[in-house]
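Welcome, and please open your viewer so that we can walk through a protein together. Keep the selection tool at hand, as each stop begins with something to pick.

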Amino acid sequence: MSIAKLTLQAGESVTCEVGAMIAMSSGFTVETTSRNRGGGGGLAKGLKRMFAGENFFLNHFTATAPNQTLWIGPGLLGDVMHYPLSGGTLIVQGSSWLASDVGIEIDATWQGLGKALFSGEGMFWVKCSGRGDLFLNSFGAIYPVEVNGEYVVDTGHIVAFEDTLNFKIGKAGSSLIGSVLGGEGLVCKFSGQGKLYCQSHNPPSFGQLLGPKLKAR
């Protein structure tokens, strides 16, 4: 159940997911737009972000005085992770991007129809590239994995991974029927070398567990 406290100096800006702001000091201006800070993006990138599970719009917070504080948090109960991006690219699952420096480009990347249908994820991922501070959120705890070769993750538990990694969809067991009966079904098999970030809980599974207990409206 983490939240993040950001302290900005006069003239500094941060871009946040719509609805992420919990509280802030009075010395901020807020701009809501489909573009990245500085004019990049627009309609096309806004639409791609929607397909990736994010909002069409972005909120840009700019401090107008020294030592201004901004509190942000995710919609689901879980962790907030700080990731310093230093020129590479991080691929983030839809809804896990929370905020980033204005020097980071927020785009969407196509993962393929087959992977989307069988992984339980969307057809697009959020692609973060550039330099600066990046903040991610999860459902439950976030834990990092150093992949050097191969690593298997149950679908729905992926938060983000470095673009030096690739993945394909496969069976958890030796047969599809055995995988399904064992409760695992299909998994994401990562290969390569780089960092993978996973979440301890799975939102779709939580929804299936909670749904039958809710009263019909």
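The tour below goes from the whole chain to single residues and their partners.

**Before we start**

This is a predicted model, in which local features need pLDDT of at least 70 and side-chain atom pairs count only at pLDDT 80 or more, while totals for chains, interfaces and linings use all residues. Residues are numbered from 1 along each chain as its sequence is written, and side-chain values use heavy atoms, with hydrogens and water left out.

**Stop 1: the whole chain**

Show the protein chain as a cartoon. You will find 4 helices and 14 strands; these are DSSP runs numbered from the N terminus, with helices (H or I) of at least four residues and strands (E) of at least two. Of the chain's 217 residues, 42% count as buried. Buried means under 20% relative accessible area, exposed means over 50%, and partly exposed lies in between (1.4 Å probe, protein chains only).

The accessible surface of the protein chain is about 11,100 Å², and carbon and sulfur atoms hold 56% of that. Such areas come from the Shrake-Rupley method with a 1.4 Å probe, and for residues only the protein chains shown count as cover.

How do contacts in the protein chain span the sequence? Among those between residues at least 6 apart, 80% join residues at least 24 apart. A contact here means heavy atoms within 4.5 Å.

**Stop 2**

Select Ala4, which sits in strand E1 (residues 4-8). Is Ala4 buried or exposed? Ala4 counts as buried because its relative accessibility is 9%. Leaving aside neighbours within four places in sequence, Ala4 is in contact with Leu70, Trp71, Ile72 and Val80.

At 32% relative accessibility, Trp71 counts as partly exposed. Together with Ile3 and Ile22, Trp71 makes a nonpolar surface patch of about 280 Å². Patches are made of residues with over 30% relative accessible area and no salt bridge; like charges are joined within 9 Å, and nonpolar side chains (Val, Leu, Ile, Met, Phe, Trp, Tyr) within 5 Å.

**Stop 3: the salt bridge**

Select Glu146 and Lys195. The structure holds 1 salt bridge, that is, a side-chain nitrogen of Lys or Arg within 4 Å of a carboxyl oxygen of Asp or Glu. Glu146 and Lys195 form it, with their closest N and O atoms 3.9 Å apart. Glu146 lies in strand E11 (residues 142-154) and Lys195 in strand E14 (residues 186-199), so the pair ties together parts that are 49 residues apart in sequence. Glu146 is exposed, with a relative accessible area of 60%, whereas Lys195 is partly exposed at 28%.

**Stop 4: the nonpolar cores**

Next, select Leu90, Val92, Trp97, Cys128, Leu134 and Leu136. These have the most contacts inside the largest nonpolar core, which has 17 residues. A nonpolar core is a set of buried Ala, Val, Leu, Ile, Met, Phe, Trp, Tyr and Cys residues joined through side-chain atoms within 4.5 Å. Strands E7 (80-92), E9 (104-110), E10 (124-137) and E12 (158-162) each supply at least two residues of this core. Its largest share, 5 residues, comes from E7. A second, separate core has 14 residues, including Leu6, Leu8, Phe61 and Ala63.

**Stop 5: aromatic rings**

A pair of aromatic rings is described by the distance of the centres and the angle of the planes. The structure holds 7 aromatic pairs. Rings of Phe, Tyr and Trp (its six-membered ring) pair if their centres lie within 6.5 Å; planes under 30 degrees apart count as stacked, over 60 as edge-to-face and the rest as tilted.

Select Phe28 and Phe61, an edge-to-face pair with 6.4 Å centre to centre and 90° between the planes. Phe28 and Phe61 are both buried. Then try Phe161 and Phe167, also edge-to-face, at 6.0 Å and 80°. Phe161 is buried at 5% relative accessible area, and Phe167 is buried at 7%.

**Last stop: Asn202**

Finally, select Asn202, in the loop between E14 and helix H4 (203-210). Asn202 is buried, with a relative accessible area of 9%. Not counting residues up to four places away in sequence, Asn202 touches Phe139, Asp154, Thr155, Gly156 and His157.
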